[in-house]
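Subject: A structure for you to look at

Dear colleague,

I am handing over a structure that I would like you to open beside this email and read slowly. The notes below it go through what was found, part by part.

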Amino acid sequence: MGGIKIYGMPTSTNTIRALAALNEKGLDYELVIVDLRTGAHKHPNFLALNPFGQIPVLEDGDVVLFESRAINRYIATKYAEAGPDLLLSGGTPAERAAVEIWLEVESQQFGPPIASLVFEALIKPMLVKATADEAIVEAQAAKLEKVLDVYEARLAQNKYLAGEHFTLVDLNHIPYTNYLLKTSKAALVTSRPHLLAWWKDVSARPAWVKTAAGIPF
Amino acid sequence: MVVQVYGKPQAVCPQRVMHCLVELGLPFELVHVDIDAMEHKLPEFLEKQPFGQVPYITDGDFELFAGDQWIDPPHRSARVYCRLHAESRAIVRYLAGKYGGRGGGAPELLGRTVEERAKVEQWMDVEAINYNPWAFPVVFNLLVLPLRGAPGDREAAAAAVEEMKRVLEVYEKQLSKSKYLAGDEFTLADLTHIPATRYVVEFCGAARIFEGKERVKAWWEDITGRPAWKKVISFVESGKSSYSP
């Protein structure tokens, strides 16, 4: 059997997303390095775990899962009793539905532009040693601005994105926001007072401090 | 109190929501929101759906919004800004969680155990992140833009079809292990694929995405043969506003 394993790499935002959830739950795990730079993700052994050849993958006993957001839902559900109630299992249908909406908003509205921006502005220069294409950075920043305007209004009315409690919604946003703040576009966050206050709160959580310590950037 | 779905019945995201409602044996009312008339940009609407997209649903006093493609009207410049929204997946999770598992023949759309649910979530994410980003440009360029009198990018559509073929190779392998994507029962993971794929294969002439993929073909025949899905299509074609099981 053995404990929980995460296959990924310590700089990968999606891997970090899963590690953040495990740390919130106070769970032990082993990080098995699958380094994209070596092509390990295309090896048949890894494709047997995730036929899409992407990291992270979680192994928990007989359960093998890919897609970091699905992994995090599983962690939040299976280990609901440990640490914070990340999916508001004890909440009302309305509270849980707010979690559902903003989980999707992260995945479909926030995720695509910030992932492109962070890749271009940070990942590409650091890991692949290529120059950032500023046109792409600007275009993605423009898309992200519109989304973050909605977030700013949301956080003016709510302490956390799904309501009054820290949930998986906030957690799923942390890894990419962390990287965004290391780019030339950090002002997207720092210029929005409620968003910045939210960031200061969620990034001060002990579980995130522990997760961040493992990121080589 | 009857669930209300706000949106355009021909659009992918409302169809996902309607399909889920029909599978669960629930009546609903469809409130048309006309994207073309940009009704959804009205301030009252923006208050309810801050991203300015349609549709949303009301379930008693409770409102959820789902997204739809929104597209700048064709009289603007040639660069058309469009976005695909997928909060329809949040809506169907909410509906399946709230109304599922009541017995009486309604399917368990989210799996029965924590582990089964995890597989459903995994394949719902695959649809959203690995599959739909390719289905969308096919439908957008070969169907939506021409309907609005604008030229579609046929090369982008062709490239997207090739990507769909590549992704479906993974599905072919998965469907040799289980009857449906997340296991041996039909779940939301299968359901969320249906509306966009129907447009791709039936309206965009891209049925070749299934070529050489016998299990994907069988899966497609099965899930689109479900009585609930057929009822959704009849309802959409009828132009009615009210559905009862």
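In which sense do strand β1 of chain A and β2(A) pair, and over how many bridges? Strand β1, residues 4-8 of chain A, pairs with β2(A) in the parallel sense, and five bridges join the pairing. Two strands are said to pair here if DSSP finds at least two bridges between them, while the strands themselves (E, at least two residues) and the helices (H or I, at least four residues) are DSSP runs, numbered from the N terminus.

Before going further, please keep in mind that this is a predicted model, in which local features need pLDDT of at least 70 and side-chain atom pairs count only at pLDDT 80 or more, whereas totals for chains, interfaces and linings use all residues. Residues are numbered from 1 along each chain as its sequence is written, chains are lettered from A and ligands numbered from 1 in the order in which they are written, and side-chain values use heavy atoms, with hydrogens and water left out.

The sheet in chain A

The two strands of the opening question belong to an open sheet of four strands in chain A, whose order is β2-β1-β3-β4 and whose pairing is mixed. Its edge strands are β2 (29-33) and β4 (63-66) of chain A, each of which pairs on one side only. Neighbouring strands of this sheet are turned by 20° against each other on average, direction ignored; the axes behind such angles are lines fitted to C-alpha atoms, for helices over the stretch in contact, and angles run from 0 to 180 degrees between N-to-C directions. Helix α1 (residues 13-24) of chain A packs on the sheet, where it touches β1 and β2 of chain A, and its direction makes about 160° with that of β1(A); contact means heavy atoms within 4.5 Å.

Strand β1(A) is mostly covered, since four of its five residues are buried, where buried means under 20% relative accessible area, exposed over 50%, and partly exposed in between (1.4 Å probe, protein chains only).

Backbone details in chain A

The peptide bond from I55(A) to P56(A) is cis, with omega near 5°, and P56(A) is found in the loop between α2 (44-47) and β3 (57-60) of chain A. E67(A), in the loop between β4 and α3 of chain A, has a positive phi of about 70° although it is not a glycine. Why does E67(A) count as buried? E67(A) counts as buried because its relative accessibility is 10%. L88(A), in the loop between α3 and α4 of chain A, has a positive phi of about 50° and is not a glycine either; L88(A) counts as buried, at 9% relative accessibility.

Chain B

Chain B has nine helices and seven strands, and of its 245 residues, 58% count as buried. Strand β1 (residues 3-7) of chain B is mostly covered, with four of its five residues buried, and five bridges join β1(B) to β2(B), the two running parallel. In this pairing V3(B) stands opposite F28(B). E29(B), which has its place in strand β2 (residues 28-32) of chain B, is partly exposed because its relative accessible area is 33%. The C-alpha atoms of E29(B) and Q4(B) are separated by 4.8 Å, although these residues are 25 apart along the chain.

On a 1 Å grid over the protein atoms alone, a cavity is a set of points where a 1.4 Å probe fits but cannot get out, a pocket is an open set with protein on both sides within 12 Å along at least five of seven lines, and lining residues have an atom within 4 Å of a point. Grid points are joined across faces, edges and corners, and a volume is the space filled by probe spheres set on the points.

The largest cavity has a volume of about 70 Å³, and its lining includes R69(A), E104(A), R93(B) and D125(B). The largest share of that lining, three residues, comes from α4(A). The second largest pocket holds about 610 Å³ of space, and of the 29 residues that line this pocket, the closest to its centre are R96(A), E100(A), G97(B), L110(B) and R117(B).

With best wishes
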